[in-house]
Amino acid sequence: MMIYLFRHGQTVYNADGERFCGTSDVGLTALGWQQARRAAQMLSGVRLHAFVHSGLRRAAETAKAIQESQPQLAGARLHVEPAFREVGFGSWEGLTRAEVNKRYPDMYAQWLADPAHVSIPGGDDVTQRQQEVLSAFSRLLVRFADCDIAVVAHNTINRLLLVGLLGSEARHYRRIVQENACMNIIEYSEASGVRIHAVNRLAI
């Protein structure tokens, strides 16, 4: 079973100083749509049983753009898995990193050092979210057993999932890079478990 894990294309928040987006439901920019269509090239010749996305607009639009750009993907069913929604950043959402650093300097410094042990006002616990997305991933392995699928999710969620699959704690998630419309390739078999073939692959 192959799982093609994508990050969504560019949003206005990404374009405007890399603002914290979190659970804010923003869509793709024109460039974001282009990135998603280019990302579809990485699935040339691949046949998928299903697309799974987080339900947030930017992930749903990316999944749609990828599916519509490859004729052989037209029959793949679309499914929503809310556990793949982006981590909520509470009062930081809509702010750039510079703005967060100015308003919450001590908390921001702590978050950079160890994001798993900082409670952003109104935000999610990243350790809890890592467990949720790992559980959701396990459910996908059962639900779509022996079928190849694509998952379209988000920057922090993808990184939490990938470090978790490698047996690492949530606090290490920023060691993984996820650029807009990147693809990660994960293989699963009962004999070998999970193997990661590619991380942050971008269409040329």
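1. Buried means under 20% relative accessible area, exposed means over 50%, and partly exposed lies in between, computed with a 1.4 Å probe on protein chains only. By this scale glutamate 169 is partly exposed, at 46%, and arginine 171 is partly exposed as well, at 39%.

2. The structure is a predicted model, in which local features need pLDDT of at least 70, side-chain atom pairs count only at pLDDT 80 or more, and totals for chains, interfaces and linings use all residues. Residues are numbered from 1 along each chain as its sequence is written, and side-chain values use heavy atoms, with hydrogens and water left out.

3. A salt bridge is a side-chain nitrogen of Lys or Arg within 4 Å of a carboxyl oxygen of Asp or Glu. Eight salt bridges are found in a search of the whole structure. One of them joins arginine 171 to glutamate 169, at 2.7 Å from N to O. Another joins glutamate 187 to arginine 195, with the closest N and O atoms 3.1 Å apart; arginine 195 is partly exposed, at 44%. Asp16, Arg19 and Glu99 are linked in a network of salt bridges.

4. Arginine 129 and glutamate 132 form a salt bridge whose closest N and O atoms are 2.7 Å apart. Both residues belong to helix α6 (residues 126-143) and are three residues apart, about one turn of the helix; helices are DSSP runs of H or I with at least four residues, strands are runs of E with at least two, and both are numbered from the N terminus. Arginine 129 counts as buried because its relative accessibility is 8%, whereas glutamate 132 is partly exposed, at 30%.

5. The UniProt annotation "binding site", from an unreviewed entry, includes Arg7 and Asn14. UniProt positions follow the numbering used here, feature names are shortened, and annotations may be inferred rather than shown by experiment.

6. Arginine 7 lies in strand β1 (residues 2-7) and is buried, with a relative accessible area of 6%. A polar atom of the arginine 7 side chain lies 2.8 Å from the backbone oxygen of glutamine 178. Contact means heavy atoms within 4.5 Å. Leaving aside neighbours within four places in sequence, the residues in contact with arginine 7 include Asn14, Gln178 and Asn180.

7. Asparagine 14 is found in helix α1 (residues 12-15) and is buried, at 8%. Its side chain has a polar atom 3.0 Å from the backbone nitrogen of threonine 11.

Methods:
A polar contact is a pair of N or O atoms within 3.5 Å; within protein, one must be able to donate a hydrogen and the other to accept it, and residues adjacent in sequence count only if both atoms are side-chain atoms.
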